[in-house]
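Student: Could we go through this model together, and could you set each term you use against the criterion behind it?

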Amino acid sequence: MASTWWPCLILALLSSMSVSGFPKSPLRLLGKRSLPGGAVDGIEVYSTKISCKVTSRFAHNVVTTKAINNADKAKEVSFDVELPKTAFITNFTLTIDGVTYPGNIKEKEVAKKQYEKAVSQGKTAGLVKASGRKLEKFTVSVNVAAGSNVIFELTYEELLKRHQGKYEMYLKVQPKQLVKHFEIEAHIFEPQGISTLDAEASFITNDLLGSALTKSFSGKKGHVSFKPSLDQQRSCPTCSDSLLNGDLIITYDVNRESPANVQIVNGYFVHFFAPRGLPVVPKNVVFVIDVSGSMAGRKIQQTRDALLKILDDVKENDYLNFILFSGDVTTWKDRLVQATPENLQEARAFVKNIHDKGMTDLNDGLLRGISMLNKAREENLVPERSTSIVIMLTDGDANSGESRPERIQENVRNAIGGKFPLYNLGFGNNLNFNFLESMALENQGFARRIYEDSDADLQLQGFYEEVANPLLTGVQMEYPQNAILDLTQNSYQHFYDGSEIVVAGRLADEDVNNFKADVKGQGAFNDLTFTEEVTTEKITLWNGAGSSTFSWLDTVAVTQDGLSLTINRKKNMVISFGDGVTFVVVLHQVWKKLPDHHDFLGFYVVDSHRMSAQTHGLLGQFFHPFDFKVSDIHPGSDPTKPDATMVVKNHRLTVTRGSQKDYRKDASTGTKVVCWFVHNNGEGLIDGVHTDYIVPNLF
């Protein structure tokens, strides 16, 4: 059967590239001869940098490669980058001798047609196609005149997923030549704080990696830098080829003081949910295994090895069965059985005798497994608080019984009826993986390709570990009605240990100060509800590089390094330091039925006489008495508010009589205080202008 090949993105440069030094040339997809890489025919790559910035699990990556044609004639230079399959390209540019040519990103549905058209017209174009387990390859090439410089810059973004307790970033390192300036730099910022951070490389010894790589984290920030020198890149002390060929993997996790965390920015929110310490929900698992003739040899042996290792991890409260399909369908048992030591021993004997035979009746194999799970539930053969899962492994297309993919999908969808997930594992390349993926997704599971390598059995075992420990079933993420718009998926069959559920949405009212988010699910012993009261008003206490974050919903007292902070829930915050200097920040919550009413903070000073005479700032310059004189009181533009002349700091100012509230003693209604208002943002009263005291960002 033909292997599946699908382009997912095309990039065509907006110019036809007929300028001097950049003649028209069709793109050629280069295999081993590519950049960042090959010092071929006078082309020197003198700089490659991968810059990664991660904020709240979202990665923004820029790959920049600079090369020069040192030959005496025009040469073709190609740029070859492998990026995660879950990433998406947002920008690409070519810069030749200082002239930049922007790229035009196209959707995958029109990619292949436009790519072929661009090539036929002699234009430069780029294409993404599948290349490995976790990566896809982007390739573009261009002719560069003798002596000319070329800069390739690719920007791609990715939402990092939590896998077995860690977020992972895969960065392909394959320059294929020694590069004078080679660097990978990652900056990570997580509002929850970073709990662990690590980096490893598959292509370099730990001793050499340690001298070229630095990693650190503190509080909310983490940093990883990989910057090998030319000598560190050499495959041997006297070699001219590079040993950099493999993956640099950065992993980290965040602090989790509560099961959920909600972050709000510019009217949008992201809800992260990853509870810990819950008991595992028992599983009812049916393994549906393809034993057709195409599985003969190594595939069937690796399948047996993987199933034997999986049986070692099955828990005694689980129930299981094996369904084998070829031209017909056979089962280990006629119903699900509990994973007792005796049954597991019998299951191992059965797995060791699995052999290949015949055709591929995928439809009947799946339906038999689904029927068995449904029957077990209907007849109460499995625990009431348990969850069902179908795991299918196949290496080819159906060619016996019902073989039409659309009809198989319909049969499976109707049989499952949304009651449990289907996970499809596609072994090798000779299968319709799009069909397997589509069928899994519409049944709330996912598909995974198993590669025909020496570690295929470990790939199968690794997949099982992802779904081996469900902590919750029937997970529902609930938010206030009419408060949230454009919500992403918020209903999930399972939450698995070590993973994370992420829901995003838009606030109907950008000025909302707080709302409640509920997560409901069924646990191993009872139904659970996790409530997160969300507020946009955070209080952060910094101590050097470390920090602690609170909100107005907390009641807390903190004392450290001569500073005392007390938060009184939804009322005020009292800060004292030094020789009894005290500030009070009052949270003023107002009636919000009018559009211009917003909660606000009042900042008050207690015992200001204890402040140093050198204290300045917007408030500090008034902590000690100063001379002023008010005269010439006369009617103003508002008959109820007279104007007057104030002489202060050698300035004559027009001021207006009014009143303000002092909330130090009565936080709800305050005390009316008569005062003079200075116009023009206090110009003439304060030193300098008001913008001298405003900073756009504290950090």
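Student: How many cavities of 30 Å³ or more does the structure hold, and what makes a space a cavity rather than a pocket?

Tutor: In this predicted model there are 5 cavities of 30 Å³ or more. They are called cavities because a 1.4 Å probe fits there but cannot get out, whereas a pocket is an open set. The second largest cavity has a volume of about 100 Å³.

Student: What makes a residue part of the lining of the second largest cavity, and which residues lie nearest its centre?

Tutor: A lining residue has an atom within 4 Å of a point of the cavity, and 13 residues line the second largest cavity, with Phe287, Leu307, Ile310, Leu425 and Leu460 nearest its centre. Helix H4 (298–313) is among the elements that give two or more residues to this lining, as are strand E19 (283–290), strand E23 (387–394) and helix H9 (456–467), and H4 gives the most, with 4 residues. By class, the lining has 12 nonpolar residues, 1 polar residue and no charged residues.

Student: How do you know that strands E24 and E25 pair?

Tutor: Pairing needs at least two bridges, and 4 bridges join E24 (residues 422–427) to E25 (residues 447–450), so the two strands pair. They run parallel, and Gly426 has Arg449 in E25 as its bridge partner.

Student: Why is the unit of E24, helix H8 and E25 called right-handed?

Tutor: The unit of E24, H8 (residues 433–441) and E25 is a right-handed β-α-β unit, which means that, with the strands pointing away from the viewer, the path from the first strand over the helix to the second runs clockwise.

Technical notes:
Residues are numbered from 1 along each chain as its sequence is written. This is a predicted model: local features need pLDDT of at least 70, side-chain atom pairs count only at pLDDT 80 or more; totals for chains, interfaces and linings use all residues. Side-chain values use heavy atoms; hydrogens and water are left out. On a 1 Å grid over the protein atoms alone, a cavity is a set of points where a 1.4 Å probe fits but cannot get out, and a pocket is an open set with protein on both sides within 12 Å along at least five of seven lines; lining residues have an atom within 4 Å of a point. Grid points are joined across faces, edges and corners, and a volume is the space filled by probe spheres set on the points. Ala, Val, Leu, Ile, Met, Phe, Trp, Tyr, Cys and Pro count as nonpolar, Asp, Glu, Lys and Arg as charged, and the others, Gly among them, as polar.
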